[in-house]
Amino acid sequence: MLKILTFICCLCFSLFSMAESSGLARLGTFISELESQQSAVQGAAVAIIIDGEIVYKKSFGYKDPEKTMPINNDTLFALASTSKPIISTAMSLLVSQGKIDFNDKVKLTFLKSSMSLANFLSHTTGYKVTGN
């Protein structure tokens, strides 16, 4: 859970402008708190990027429960459902820029008919289902 929280915190920081000094001060506080709590984290990798520049990058903990393989720059993490708000935010930005529309249809080979992007984002099939 802490791994997901750390990822979400980093995502939130990427949404705010760090150009002002108060933003940089908050970033410093966040990094200090993160580093002070690293022993409580099973494993995490954090990268904070501001204006395309990596301002902080560090790995914490281990890949395995036996604590024999430390996390490094090549460690892959399963994002699971944490990728859903990222994708939906990106798609919403594209809609607001007029590049796509939520009503645009997408056809996947394993579906009988196409579905709208809104169906994908809301986890609905777009099909009418009755019964259990």
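The structure is a predicted model, in which local features need pLDDT of at least 70 and side-chain atom pairs count only at pLDDT 80 or more, while totals for chains, interfaces and linings use all residues. Residues are numbered from 1 along each chain as its sequence is written, and side-chain values use heavy atoms, with hydrogens and water left out.

The protein chain contains four helices and four strands. These are DSSP runs numbered from the N terminus, with helices being H or I over at least four residues and strands being E over at least two. Read from the N terminus, the order of elements is α-α-β-β-α-β-β-α. Contact here means heavy atoms within 4.5 Å. Of the contacts between residues at least 6 apart in sequence, 25% join residues at least 24 apart. The accessible surface comes to about 9,700 Å², and 59% of it belongs to carbon and sulfur atoms; such areas come from the Shrake-Rupley method with a 1.4 Å probe, and for residues only the protein chains shown count as cover.

The predictor's confidence in each residue, pLDDT, runs from 0 to 100. Its mean over the protein chain is 75, and 76% of the residues reach 70 or more. Where pLDDT is low, the predicted coordinates should not be read in detail.

Burial comes next. A residue is buried under 20% relative accessible area, exposed over 50%, and partly exposed in between (1.4 Å probe, protein chains only). Of the 132 residues of the protein chain, 20% count as buried. The largest nonpolar core has eleven residues, namely Leu27, Phe30, Ile31, Leu34, Val41, Ala44, Val46, Ile48, Ile50, Tyr56 and Phe60. Helix α2 (21-36) and strands β1 (43-50) and β2 (53-61) each supply at least two residues of this core. A nonpolar core is a set of buried Ala, Val, Leu, Ile, Met, Phe, Trp, Tyr and Cys residues joined through side-chain atoms within 4.5 Å. In soluble globular proteins, nonpolar side chains tend to be buried together.

Two loop residues stand out by their backbone angles. Asp51, in the loop between β1 and β2, has a phi near 50°, a positive value in a residue other than glycine. Asp51 counts as exposed because its relative accessible area is 75%. Lys67, in the loop between β2 and α3 (83-96), also is not a glycine and has a positive phi of about 60°. Its relative accessibility is 58%, so Lys67 counts as exposed.

Ser116 is buried because its relative accessibility is 7%, and Asn119 is buried because its value is 16%. Leaving aside neighbours within four places in sequence, Ser116 is in contact with Phe102, Asn103, Asp104 and Lys105.
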